Amino acid sequence: MSDKPSIVPYISYTDGKAAIEFLTGVLGFTENFSQYGEDGALVHAELRYGNSVLLMGTADLPKGSPGLYLVIEDVDAQHARAVAGGATIVYPPEDTEWGTRRFRMKDPAGHEWTFGSYQPETEPPAWG
């Protein structure tokens, strides 16, 4: 079993740049990687705190959207289980530009879960 995390918190903010400034400047997180869209909005970031990783992005939500990202091998099988169990699918399985696969769902209480094959690093990437 890998010593890398299998369950990773994912939080969306209405202003991703400001959130990174707060998390790094005030709370002591370290920015491993960030990607911005053509409009300058944060698309995806990975922040480290000790040996933990926080994934984050920008969303048009009044209070942010806490969620969990679970690293799994068979995204399609997990999606089929979620559908059979009555989960609300936010988006179906898709291939990402990073060569991974993922889908997002909400459980009956409305909590958001993302299942994907992407494994975040606990150290900054060599290319970052």
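In which element is Ala18 found? Ala18 is in helix α1, residues 16-25. Before going on, the ground rules. This is a predicted model, so to speak of local features I need a pLDDT of at least 70, side-chain atom pairs count only at pLDDT 80 or more, and totals for chains, interfaces and linings use all residues. Residues are numbered from 1 along each chain as its sequence is written, and side-chain values use heavy atoms, with hydrogens and water left out.

On confidence: pLDDT is the predictor's confidence in each residue, from 0 to 100. The protein averages 82, and 85% of the residues score at least 70. The lowest confidence is in strand β5, residues 65-71, with a mean of 74, and the highest is in strand β6, residues 88-95, at 94.

Now the layout. The protein has two helices and eight strands. Helices here are DSSP runs of H or I with at least four residues, strands are runs of E with at least two, and both are numbered from the N terminus. Along the sequence the pattern reads β-α-β-β-β-β-α-β-β-β.

For burial, a residue is buried under 20% relative accessible area, exposed over 50%, and partly exposed in between, with a 1.4 Å probe and protein chains only. Of the 128 residues, 35% count as buried. The protein exposes about 7,700 Å², of which carbon and sulfur atoms supply 53%; accessible areas come from the Shrake-Rupley method with a 1.4 Å probe, and for residues only the protein chains shown count as cover. Take contacts, meaning heavy atoms within 4.5 Å: among those between residues at least 6 apart in sequence, 51% join residues at least 24 apart.

Leu42 takes us to the strands. Two strands count as paired if DSSP finds at least two bridges between them. Strands β2 and β3 run antiparallel and are joined by six bridges, with Tyr36 opposite Leu42 in β3. The two strands form a hairpin with five residues between them, and Gly40 in that turn has a positive phi of about 90 degrees. Next along, β3 pairs with strand β4, residues 52-58, again antiparallel, over five bridges. Tyr49 has Ser52 in β4 as its bridge partner. This hairpin has two residues between its strands, and Gly50 in the turn has a positive phi of about 65 degrees.

How many of the eight residues of strand β3 are buried? Six are, so β3, residues 42-49, is mostly covered. As background, side chains in a regular strand alternate between the two faces of the sheet.

Next, the charged pairs. A salt bridge is a side-chain nitrogen of Lys or Arg within 4 Å of a carboxyl oxygen of Asp or Glu. By that rule there are three salt bridges. Asp76 bridges to Arg101, with 2.9 Å between the closest N and O atoms. That pair links distant parts of the chain, 25 residues apart: Asp76 is in helix α2, residues 75-84, and Arg101 is in strand β7, residues 101-106. Asp76 is partly exposed at 37% relative accessibility, and Arg101 is partly exposed at 24%.

Arg101 also meets Asp95 in a salt bridge, N to O 2.9 Å. Asp95 counts as exposed because its relative accessibility is 59%. Through shared partners, Asp76, Asp95 and Arg101 form one network. There is also the salt bridge between Arg102 and Glu94, at 2.8 Å, N to O. Arg102 is partly exposed at 25%, as is Glu94 at 28%.

Last, the surface. Which residues form a nonpolar patch there? Phe22, Val26 and Leu27 do, with about 280 Å² of accessible area together. Patches take residues with over 30% relative accessible area and no salt bridge; like charges are joined within 9 Å, and nonpolar side chains (Val, Leu, Ile, Met, Phe, Trp, Tyr) within 5 Å. Leu27 lies in the loop between α1 and β2, the latter being residues 30-36. At 40% relative accessibility, Leu27 is partly exposed.

That is the tour; I will take questions.
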